[in-house]
Amino acid sequence: MDMTPLILSLKAAAVATVLVILTGIPVSYLAARMKRGKSIVDVICTLPMVLPPTVVGFFLLLLFGKNSMLGAWLMAHGIPVVFSQTGMVIASAVVSFPLLYRTARGAFEQVNPDVLSAGRTLGMSEWNIFWKVQMPIAWPGVISGAVLAFARGLGEFGATAMIAGNIRGKTRTLPLAVYSAVASGKMDDAGQYVVILVGISFIVVVCMNYFSMERKG
């Protein structure tokens, strides 16, 4: 069995999770503090979760394709997105972003406002309040969202197929490998890939439950 799809999937999901953490935490924190416009931010940030993955992939093609301004600019600077591992990472990040956003936003919203007010009374800056007060309290929820985002990125199929393709050894991830194996009649290989995906998903669920209990505790 070719293990390249597993390696590609893990790499793409890991990099995508890092990107989602770096962007999702500040966005979810700001959304939790918003008094107006929160519903609009929620719609924008959660839309990739409710759209079919192929539709998300289509929009990514419009955004990063060679005929778009952004895609042409990236190509001119030697950064191809379509049919590349960069496209894999972008697809995984876009579809998994809503999961971290919603989980982290909920964690930030559950922080007692009186605790934050006490920090301001003691003369702490908003930066210190965020890192020394709010993040330690909301951290289990953020980690739980990150784990869930990693699992979603690992299992991404439709958007990845649309923008990165199904190129063996280059962009063929585990879900695409399962599809290709079944399409070619290699049911044993497909079964082995499925076992790997189920095993990783089981570990993810265990981690999520652990961090959920930490959050409640």
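This is a predicted model: local features need pLDDT of at least 70, side-chain atom pairs count only at pLDDT 80 or more; totals for chains, interfaces and linings use all residues.

Which residues line the largest cavity?

A: The lining of the largest cavity is made of Ser9, Ala12, Ala13, Met88, Ser92, Gly153, Leu154, Glu156, Thr160 and Thr173. The volume of this cavity is about 50 Å³, and searching the whole structure turns up one cavity of 30 Å³ or more. The idea behind such a search is simple: rolling a probe the size of a water molecule over the atoms shows where empty space is left.

Let's see where those residues come from. Helices α1, α5 and α7 each give at least two residues to the cavity lining. Helix α1 has the largest share, with three residues. Sorted by class, the lining holds four nonpolar, five polar and one charged residues.

Now look at Glu156, one of the lining residues. Its relative accessibility is 1%, so Glu156 counts as buried. Glu156 also has a partner: it makes a salt bridge with Arg152, and the closest N and O atoms are 3.1 Å apart. In general, side chains of opposite charge can pair when their charged atoms come close. Arg152 itself counts as partly exposed because its relative accessibility is 27%.

Two packed helices are described by the angle between their axes and the distance between the axes. For α5 and α7, the axes come within 8 Å and cross at roughly 145 degrees. This crossing is right-handed. The contact between α5 and α7 is made up of 13 nonpolar, eight polar and one charged residues.

Helix α5 spans residues 85-109, and in the loop between α4 (69-76) and α5 you will find Phe83. Phe83 is not a glycine, yet it has a positive phi of about 55 degrees. Phe83 counts as partly exposed because its relative accessibility is 46%.

Further along α5 sits another charged pair. Glu109 and Arg105 join their side chains in a salt bridge, at 3.4 Å from N to O. Why can they reach each other's turn of the helix? Glu109 and Arg105 are four residues apart in α5, so about one helical turn separates them. An α-helix has 3.6 residues a turn, so residues three or four places apart point the same way.

Helix α7 covers residues 126-154, and Glu126 takes part in a salt bridge with Arg120, whose closest N and O atoms are 2.6 Å apart. Both partners are partly exposed, Arg120 with a relative accessible area of 37% and Glu126 with 34%. Across the whole structure, a search finds six salt bridges.

The largest pocket has a volume of about 220 Å³. It is lined by 14 residues, and those closest to its centre are Arg168, Arg172, Lys186, Asp189 and Tyr193. By class, the pocket lining divides into five nonpolar, four polar and five charged residues.

Arg168, one of the residues closest to the pocket centre, lies in the loop between α8 (158-163) and α9. With 61% relative accessibility, Arg168 counts as exposed. Arg168 and Pro5 are 163 residues apart in sequence, yet their C-alpha atoms are 8.2 Å apart in space.

The buried ones are Leu174, Pro175, Leu176, Ala177, Val178, Ser180 and Ala181. After α9 comes Gly185, which has a positive phi near 80 degrees.

Key:
Residues are numbered from 1 along each chain as its sequence is written. Side-chain values use heavy atoms; hydrogens and water are left out. Buried means under 20% relative accessible area, exposed over 50%, partly exposed in between (1.4 Å probe, protein chains only). On a 1 Å grid over the protein atoms alone, a cavity is a set of points where a 1.4 Å probe fits but cannot get out, and a pocket is an open set with protein on both sides within 12 Å along at least five of seven lines; lining residues have an atom within 4 Å of a point. Grid points are joined across faces, edges and corners, and a volume is the space filled by probe spheres set on the points. Ala, Val, Leu, Ile, Met, Phe, Trp, Tyr, Cys and Pro count as nonpolar, Asp, Glu, Lys and Arg as charged, and the others, Gly among them, as polar. Axes are lines fitted to C-alpha atoms, for helices over the stretch in contact, and angles run from 0 to 180 degrees between N-to-C directions. A crossing is left-handed if the near helix is turned anticlockwise from the far one by less than a right angle, and right-handed if clockwise. A salt bridge is a side-chain nitrogen of Lys or Arg within 4 Å of a carboxyl oxygen of Asp or Glu.
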